[in-house]
Amino acid sequence: PTDKPLPVGLGLHPYFPHLKNTTLHFETQTFWLEGPDHLPTEGLAVPPELSFSTPKKVPLTWRNNCYGGWRGRAVIGQPDLGYRLEMTADSGLDHLMFYTPQTGVFALEPQSHLSGRTCVATDGLRKLAPGERLEARVTFTVTAL
């Protein structure tokens with residue numbers, strides 16, 4: 001055990017079916033470029049072609065990007081499977097990692113911090129003193145189409 005504060009971040013890494021007609025909708029402020037080590041390198045305003053502020057199909061190409069300033073709500077449409085899934089997250093989980101490995105699944109990952117940053121408090125990590133807690137809630141709601 002340590003008596004010093006430690007940097008802590010939270011993240012949930014759910015995977016979803018990636019079918020031809022799967023759609024995705026979420027609102028964010030920042031898009032982070034992916035570096036050669038697959039970690040975020042530079043944040044910029046979300047380019048229109050990479051925005052999901054209106055529902056659009058999940059791309060069939062490789063994507064591994066963090067979005068910042070996420071508003072805590074994402075909607076996945078699965079018309080081929082007959083459902084719609086709404087994912088909501090507590091404030092504090094304001095980064096959203098979007099990963100499409102081109103294998104029939106994709107991940108949409110609420111996080112408290114910029115992905116891959118393990119020591120930089122300015123990227124969303126919290127310093128917890130001994131005995132302190134950090135918790136967050138992510139809720140999934142499925143409705144039939």
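1. Is R73 buried, partly exposed or exposed? R73 is partly exposed, because its relative accessible area is 34%, which falls between the 20% and 50% limits. Please keep in mind that this is a predicted model, so the remarks below concern a computed structure.

2. R73 also has a charged partner. It forms a salt bridge with E86, and the closest N and O atoms are 2.7 Å apart. R73 belongs to strand 8 and E86 to strand 9 (residues 83–89), so the pair ties together parts that lie 13 residues apart in sequence. As background, side chains of opposite charge can pair when their charged atoms come close.

3. E27 counts as partly exposed, at 32% relative accessibility, whereas R71 is exposed, with a relative accessible area of 58%.

4. Another salt bridge brings together the side chains of E135 and R133, at 2.3 Å from N to O. Here both E135 and R133 are exposed.

5. Now to the sheets. As a reminder, strands of a sheet pair through backbone hydrogen bonds, either parallel or antiparallel.

6. Strand 3 (residues 23–26) pairs with strand 8 (residues 73–78) in the antiparallel sense, over 4 bridges. In that pairing F26 stands opposite A74 of strand 8, and the bridge partner of T23 in strand 8 is G77. Strand 3 also pairs with strand 6, again in the antiparallel sense, over 2 bridges. There, L24 stands opposite K56.

7. Another open sheet has 6 strands in the order 2-11-10-7-4-5, with antiparallel pairing. Its edge strands are strand 2 (15–17) and strand 5 (40–45), and each pairs on one side only. From one strand to the next, the twist averages 25 degrees.

8. Within this 6-strand sheet, strand 4 (residues 30–34) and strand 5 pair in the antiparallel sense over 4 bridges. W32 stands opposite G43 in strand 5.

9. Finally, what does T30 touch, leaving aside residues up to four places away in sequence? Its contacts are G43, L44, V46, C66, Y67 and G68. T30 has its place in strand 4. The C-alpha atoms of T30 and V46 are separated by 5.2 Å, although these residues are 16 apart along the chain. T30 is partly exposed, because its relative accessible area of 22% is not under the 20% limit for buried residues.

Conventions:
Residues are numbered from 1 along each chain as its sequence is written. This is a predicted model: local features need pLDDT of at least 70, side-chain atom pairs count only at pLDDT 80 or more; totals for chains, interfaces and linings use all residues. Side-chain values use heavy atoms; hydrogens and water are left out. Two strands pair if DSSP finds at least two bridges between them. Axes are lines fitted to C-alpha atoms, for helices over the stretch in contact, and angles run from 0 to 180 degrees between N-to-C directions. Buried means under 20% relative accessible area, exposed over 50%, partly exposed in between (1.4 Å probe, protein chains only). Contact means heavy atoms within 4.5 Å. A salt bridge is a side-chain nitrogen of Lys or Arg within 4 Å of a carboxyl oxygen of Asp or Glu.
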